[in-house]
Structure formats: C-alpha cells, structure tokens
Amino acid sequence: MPALFIGHGSPMMAIEDNECGLFLSRYGSVIGKPKAIVLFTAHWETDVLTISSVSGTYDTIHDFGGFPRELFEIQYPAHGAPALAQEVGRRLSEHGIPVQYDLQRGLDHGSWVVLRRLFPDADIPVVQVSVQPFQTNEYQYRVGEALRGLDVQDVLIIGSGATVHNFRQMKWGGGEPEQWAIDFDDWLVDRMTERDLPSLFRFEEKAPNAMLAVPRPEHFVPLYIAYGSGDPEHKPEVIHRSYEMGTLSYICLKF
C-alpha cells in the first residue's frame, strides 16, 4: 500500500463531482482494497496525539454549517480497528511520541468525505488519528516515520488536509488558480522530490508565499505525516492536482 496525502477541500466534494472527487472515485480501484486504513485528519486537533479505538461502527460527524441538507444526511458507517489502533500507538510510543486513545469520537468530514469517494462501501476498518499543529515540522515527519512498515501489512496511511488553505484568499465566485498558490505547490513538490528535508522543515522561511498558503498549519501537517510514512526509496508522485475558488488546493500525492 502507498502512503497518500489527499487535499480534501470543501465537504461538497462528497456530493458534487469536482475534479478531485471524480479522481478519488477512480483511484480507489487503482489502489485495490487495503486491509485497513490509518487516517490523520486536519479536523481533529488535540494536545496529545489521539488514536480512535472504536470497536463498533463510527458515527458520521457533520462538522460544518451552511451546506445543503443532502450533505447532512450522508452516513459513512465504517468500523473501527482496535487492534490496529493499539499497534499504531505502540509504534508511536516507541519513537518517543506520547499517545492516548479515544473510544467514542466519530469520523469527521476530513475523513469520511475522502473515504466515501475512495471506498464508497465503507467496508474497510478505519483508525482515525488527530493532528497537533503546534508541534514542529520535524515532529510531524517523525510521526509518519514511526508508522513505516504498516504498508507491508496492507494498511493504507492517509494524511487528509490541504497545502493551500486560506479562506481569506479564496475567490468565492470561482476563477483560474492564483499563480502564488501554484508557485507554493510547485516548491513543495520540487523539495519533496529532492527529499530536501532541511528546506521542507523550514518551509515558512523558504517557500514562496508560505504565509498566504498556510496561515494556520492544521491542514498542512498531514502532508508531512504522510510523507514521513512513505518508503524513502520511492519518488513522491503527484497523482492529482486541481484548484477551486482560485486558491483552494486539491493536490494529492503518493509516497
């Protein structure tokens, strides 16, 4: 199994066939059916890295407002995977990363919108994991590194977020992608391809338009986690790239 970063954008991707949604609907069959999924979601922030250890079926959290009723009626009844949750926690703890477990929280839209597109039957066990955006970029990468090797167990690791995610810079009427957003993503892809970790860990200083693209890092850090969890011998690959509202990036990468 590869490790993936998926730009999930708007929750409307669950019901509207935008470019990224259509891509993900096709890509699920390309991946094949994993044994389980570990997904880091930008919409769950905690002080201590928290791992879902739900034993039954997840509730579907509709953590948004102002969208059509149809979106609130969607359910994604995936099952948890407590044994895998414990293995994820063990691996992280062995790398010096404190963890805790959550037995109740449902899947937020950073998880179920992506998973519903990739695997609409909701028949693959899921372990949802929080993010800690206040930690360093090196730390985020190390979280991913701790999970290397799960791929050979047919476990799919997903970081769900966005590289360019700034509501104040979006063109709500639509329009062509802004060049500054394209330039930022270009820099990221180039540095990841070269495995230039020192520059990536200092992207705030090094990358063009970094503060415009990432005013707050909660959507950005799943990228480093997915990158760290991938096989360092494999060249990162852009598997999809599109934009909405001028700046909202749906770039997706395989590691």
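View 1. Helices (H or I, at least four residues) and strands (E, at least two) are DSSP runs, numbered from the N terminus. Along the principal axes, the C-alpha atoms fill a box of roughly 45 × 45 × 35 Å.

**View 2. The inside of the chain.** Of the 255 residues, 57% count as buried, meaning under 20% relative accessible area with a 1.4 Å probe, protein chains only. Among contacts (heavy atoms within 4.5 Å) with a separation of 6 or more, 81% join residues 24 or more positions apart.

**View 3. Helix α5, residues 137–146, is mostly covered.** Seven of its 10 residues are buried: N137, Y139, Q140, Y141, V143, G144 and A146. What do the buried residues of α5 pack against? Their partners are strands β2 (36–45) and β3 (49–52), together with helices α3 (82–94), α7 (197–201), α8 (203–206) and α10 (221–229).

**Notes for all views.** Residues are numbered from 1 along each chain as its sequence is written, and side-chain values use heavy atoms, leaving out hydrogens and water. In this predicted model, local features need pLDDT of at least 70 and side-chain atom pairs count only at pLDDT 80 or more, while totals for chains, interfaces and linings use all residues.

Definitions and conventions. Buried < 20%, exposed > 50% of the residue type's maximum accessible area, 1.4 Å probe, protein only.
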